[in-house]
Each structure stands twice: as C-alpha cells, then as structure tokens.
Amino acid sequence: MAKGGNSLQAVLNRAKADGDAAPAPAPAIEPADVSRKAAPNGRQGTKLIGGHFPPEVSTQLRIIAAEEGTTVQSLLGEALDDLFVKKGRGRITG
C-alpha cells in the first residue's frame with residue numbers, strides 16, 4: 001500500500017505520472033423496472049383476503065382439500081359462503 005493514500009489512489013497517481021489516460025468511467029447502471037406485474041388471468045378482478053391462524057388450521061385445510069380432491073381456496077370460498085348465509089348475506093363466491 002502506498003504511503004499517504006489507499007491502493008486505488010496509488011494506482012491512479014502512478015497512471016497519471018506515467019502519462020496514461022485515466023480509466024474510463026463505469027457504465028451507468030439503470031434502475032430495475034419495479035412496476036407491478038399484471039395479475040395472472042385467474043386472479044384478475046379478485047382481491048386477496050388473509051388472516052393469521054395457528055399452523056394446525058393450515059394443516060387441517062390442506063388435509064381436507066387433499067381428501068376431497070379440491071383446493072384450499074375452494075374450501076375457504078365454501079366456508080365464507082356458509083358464513084354469509086348464516087349472517088343473512090346470501091352466497092357470493094359461487
């Protein structure tokens with residue numbers, strides 16, 4: 001390491017003393033496109049509804065879905081429909 005400076009500065013000083021041209025600046029880095037991706041076709045016109053439950057709830061839902069050959073989303077839709085009927089709101093999800 002050169003005295004009185006860091007190693008990069010020493011290289012630059014040496015290049016300048018030798019008459020070499022300064023190194024070319026690094027190319028500009030353009031920011032990444034952070035725009036939102038379009039929702040998959042099956043999700044257009046829908047809204048995510050979520051909640052935090054104990055892991056056992058997730059396990060039970062996945063087991064029931066597998067036993068019935070359906071999806072957790074379908075089971076949740078069915079459960080929400082039952083809730084809406086119970087509360088006098090009627091079926092919504094199908």
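This is a predicted model: local features need pLDDT of at least 70, side-chain atom pairs count only at pLDDT 80 or more; totals for chains, interfaces and linings use all residues.
Q: Which secondary structure elements does the protein chain have?
A: Helices (H or I, at least four residues) and strands (E, at least two) are DSSP runs, numbered from the N terminus. Here the protein chain has three helices and zero strands, in the order α-α-α from the N terminus on.

Q: How should I read the length of H2?
A: The expected span of a helix is 1.5 Å times one less than its number of residues. H2 has 14 residues and reaches 20 Å from its first C-alpha to its last, close to the 20 Å expected. After H2 comes Gly69, with a positive phi near 65°.

Q: How much of the protein chain is buried?
A: Buried means under 20% relative accessible area, exposed over 50%, and partly exposed in between (1.4 Å probe, protein chains only). Of the 94 residues in the protein chain, 6% are buried. In helix H2 you can find Ser58, which is partly exposed at 35%.

Q: How many salt bridges are there, and which residues take part?
A: A salt bridge is a side-chain nitrogen of Lys or Arg within 4 Å of a carboxyl oxygen of Asp or Glu. The structure holds one: Arg91 pairs with Asp82, their closest N and O atoms being 3.5 Å apart. Arg91 is exposed, with a relative accessible area of 53%, and Asp82 is partly exposed at 40%.

Q: What lines the largest pocket?
A: Rolling a probe the size of a water molecule over the atoms shows where empty space is left. On a 1 Å grid over the protein atoms alone, a pocket is an open set of points where a 1.4 Å probe fits, with protein on both sides within 12 Å along at least five of seven lines; lining residues have an atom within 4 Å of a point. The largest pocket holds about 940 Å³ of space. Its lining has 23 residues, with Lys47, Leu48, Ile49, Gln73 and Leu76 nearest the centre. Helices H2 (55–68) and H3 (72–86) are the elements that give two or more residues to this lining, and H3 gives the most, with seven.

Technical notes: Residues are numbered from 1 along each chain as its sequence is written. Side-chain values use heavy atoms; hydrogens and water are left out. Grid points are joined across faces, edges and corners, and a volume is the space filled by probe spheres set on the points.
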